[in-house]
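Thank you all for coming; I would like to walk through a few local features of this model, beginning with a pair of strands. Please keep the view open while I talk.

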Amino acid sequence: MNKDDKFAEAGKTAVMQNVQGLIGFLQSYPPFNLMEPAHLAWLVEQAQLRFFAAGEPILQPQDGPVQRFFIVKQGLIRGERVVADADRPDTTFEIGTGECFPLAALLGERATRTLHRAAQDSFCLTIERDAFVTLFSRSLPFRDFALRGVSSLLDQVNQQAQKQASETLGAHYSLDARLDELVGHSPVHCLPDTPIRSAVRQMHEASIGSIVITDEALAPLGIFTLRDLRALIASDEVDLTRPLSSVMTPDPAALPSSASAFDAAIAMTRRHIAHICLVDDGRLTGVVSERDLFSLQRVNLVHLARTLRQAESVERLAALRSHIHQLVDSMLAHGASSGQITRIITLFNDHTVCRVIELSIAEHGDPGVPFSWLCFGSEGRQEQTLHTDQDNGMMFSAASPEQAEERRTLLLPLADKINQALAQCGFTLCKGNIMASNPELCLSAREWQARFDRIIASTTPANLLKSAIYFDFRVVWGDRRAADQVFSGVLRKIGSNTLFQQQMAQNALQHRPPIGRLRDFVVARSGAEKDTLDIKVQGLGPFVDGARLLALANGIAVSNTLERLQQLRQRGVLDPLDADAYIEGYQFIQLVRMQQHQQQEREQRPFSNRLDPDSLNQLDRRILRESFRQAKRLQGSLALRYNL
Amino acid sequence: MNPLSWLGTRRQAMDSEQQARLARLPTPQALDDTLLERCRLVVVDLETSGLNVNRDRILSVGAVVVENGSIDLGSQYECTLFQENHRVTESVLIHGIAPSEVARGVAPADALLDFMAFADNGVFVAFHAAFDQRMLQRGLRQTLNTRLRHVFLDVAELAPMLYPEVTGRKTLDDWQDYFQLRNSQRHHAAADALATAEILLILLSRARAQGIATLAELNSRLRHWRRLRQARIGSL
């Protein structure tokens, strides 16, 4: 080794320790943690370290096309956008240690649209545009992140959640997968006049559980399954030479082959059927069975729905409920989003409620008065998690106040029985007595109308609280026409009552998302809840309240928060990008909450919505913070809209 | 073993190539009207065999350059010098450079020539600069037989001058704490230089905010500050 080499080597090792230190720093933050060490080392060697004093602008729209890429080594950077009519600029984002900017402007070779200002004394690593471009072309994880930003991280989180849950279950595909990707073989089908025997032989030879009956043009007419065969054999007259069309189930359920596995799961659960035809342009292209969806699972979606709907007693129903918990685990394993999981849980809860009502009527005797079963709150929004309590009511028709009183007397004992039976099934009795057995919530359609009118007309704090519960409203059992009519009256009245809207807006601003100016998260300082935040009230609350207000004010009748946000997006009430960000934020917080509940369930601890942010990994923390910030932005837009 | 063995007596004559390199070194920057962000600030940290500027030897040189208000992480400098007869002293406990590492180092003449070429015409900056200045002076005189003409700025002076509201901070660690700078590899020449350079970035930002734009202005503020401090100490 000559002198120069020796010199270079000795110097390099020591300097490498500085470089190594910075690489180590970068490796604790995404996307750098996914990048190859050689690319990171190259990044650091290209980098400069810069200091920005608190308040100093770093990037400004008037600077022209962005020339540098910044990674915050220490400190906090704020994005500011000047809003007309506001005396202070709107903080559109905050960028903390380990995060980087500006991606869109660099990729678009343009100036930044947002003023980036140091919110604290901050150090940033910077690389020149050319180095950024080189890195972009060399490192796949970096490119992915640069192109898709935080969304690419969300995918990572979902993969993590999926992996975590699948470790116990072994799932191999996502619920978002297209059905035609899941269904391998071509469908087995026959014409209507095929004799039963030869159709069954065809099923046997292909070793499949169903055969679709189609016409000459392959349009499905009916389906025949092993279940039907069992029933047929059990019946007295078995003539296997009869045409299959005489024993098939007509009008089989159908989905396009582009539908997702989740769509199929929902359809199967809702109608408790195990086979769905894939039909494109009126022609049969495949059959998806429950086995295709959940082949490796102990928990069986359709079977569970069926058993719930046919359970012979409340005790049996209660016992079946634990299967729903396993189901949530397996859905997480299949990469279901929190929105999908809450919808499935709600579907099962609906089955349970319906069966409880049927069993209660059977036991108690039919009161002879038709009624609808209403639910409110999270059940009304179809956003139930495993941690659920009862918010329900009854609606019936009555021609006069006297008749209403009379019918109420008949229905109340049944309502009480239903409430108690639901409690037995794990739906906690409502502490605020928002239950059908409460005479104030067992009302005729006219009485409900009057009750809602009162809530809207006089905006006391108590009424506002009620509006938050009652206006997330859905019919689970019984006729829904009367209820729909009442609710469209509610929408009309709220739409024209700006005072009420404003009060609701004020209410929606009550719970602030738990992020502070300087620290990551704002947590309880002392007591049993020290170092934790309430992920439901503080995190989900702003989205739920905001979506409700905007939906009610704009005549949108759906009650599900995600659907409300989607419709607000479609109608142009919310900016599409904003709405998407709210939806992602809401879903992520819900996912974190659900994972926490699953964890508590496994450890046999009581369900709680208190979360210690330090228990999350770096990636989850960052996205949670971003999600809370979206909640804050939603509140900010409400304040602006309603001049608060 | 004669502790002065490194002085004079065993100095090796430079070869012609080394002579040529020495001659090529540029004239250093003076404390003139050059804008602060226009000049090359070479933040230097020397690890030595001890704290005696007359007797101890330079073991390694670490340097980081601040230019245009930023630290270029791609051009850091560190070199462990090859010194004969290096013995373990209490200093080893501080800087952690093992005798074996010193033995693997580069010959002092080459190392210092290389370092001076790296420093170019820059202004040296160090924490407690007087020590680094005198060590380097002696090293250059004895090894290269040349005079160190570069000027030094002392972060241990600049920091209290620009942050008069901060009291009781004396060491590099103190100021690192104050500015909440994390540095895992302290007492390694390159790491110390980087830590000092980070503080320098903060100080340059503060100086700019106080209307100090040029080297000359900074120097005049420093002289004023030293007189004030002397007066204050005198009046006590």
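Strands β14(A) and β15(A), the latter spanning residues 283-289, pair antiparallel over six bridges, where pairing requires that DSSP finds at least two bridges between two strands, and strands here are DSSP E runs of at least two residues, helices H or I runs of at least four, each numbered from the N terminus. This is a predicted model, in which local features need pLDDT of at least 70 and side-chain atom pairs count only at pLDDT 80 or more, while totals for chains, interfaces and linings use all residues. Residues are numbered from 1 along each chain as its sequence is written, and chains are lettered from A and ligands numbered from 1 in the order in which they are written.

Within this pairing, A:Ile276 stands opposite A:Val288 of β15(A), and in the hairpin, which has two residues between the strands, A:Asp281 takes a positive phi near 50°.

How much of β14(A) is covered? Five of its six residues, 275-280, are buried, meaning that 20 or more other C-beta atoms, placed from the backbone, lie within 10 Å of a residue's own.

β14(A) is also joined by two bridges to β13(A), residues 254-255, and these two strands run parallel, with A:Leu255 opposite A:Leu278. Between them the chain passes through helix α10(A), residues 261-271, in a right-handed β-α-β crossover; that is, with the strands pointing away from the viewer, the path from the first strand over the helix to the second runs clockwise.

Elsewhere in chain A, four strands form an open sheet of mixed pairing, ordered β9-β10-β11-β12, with β9 (189-190) and β12 (249-250) as its edge strands.

Conventions
A residue is buried if 20 or more other C-beta atoms lie within 10 Å of its own, exposed if 12 or fewer, and partly exposed in between; C-beta atoms are placed from the backbone.
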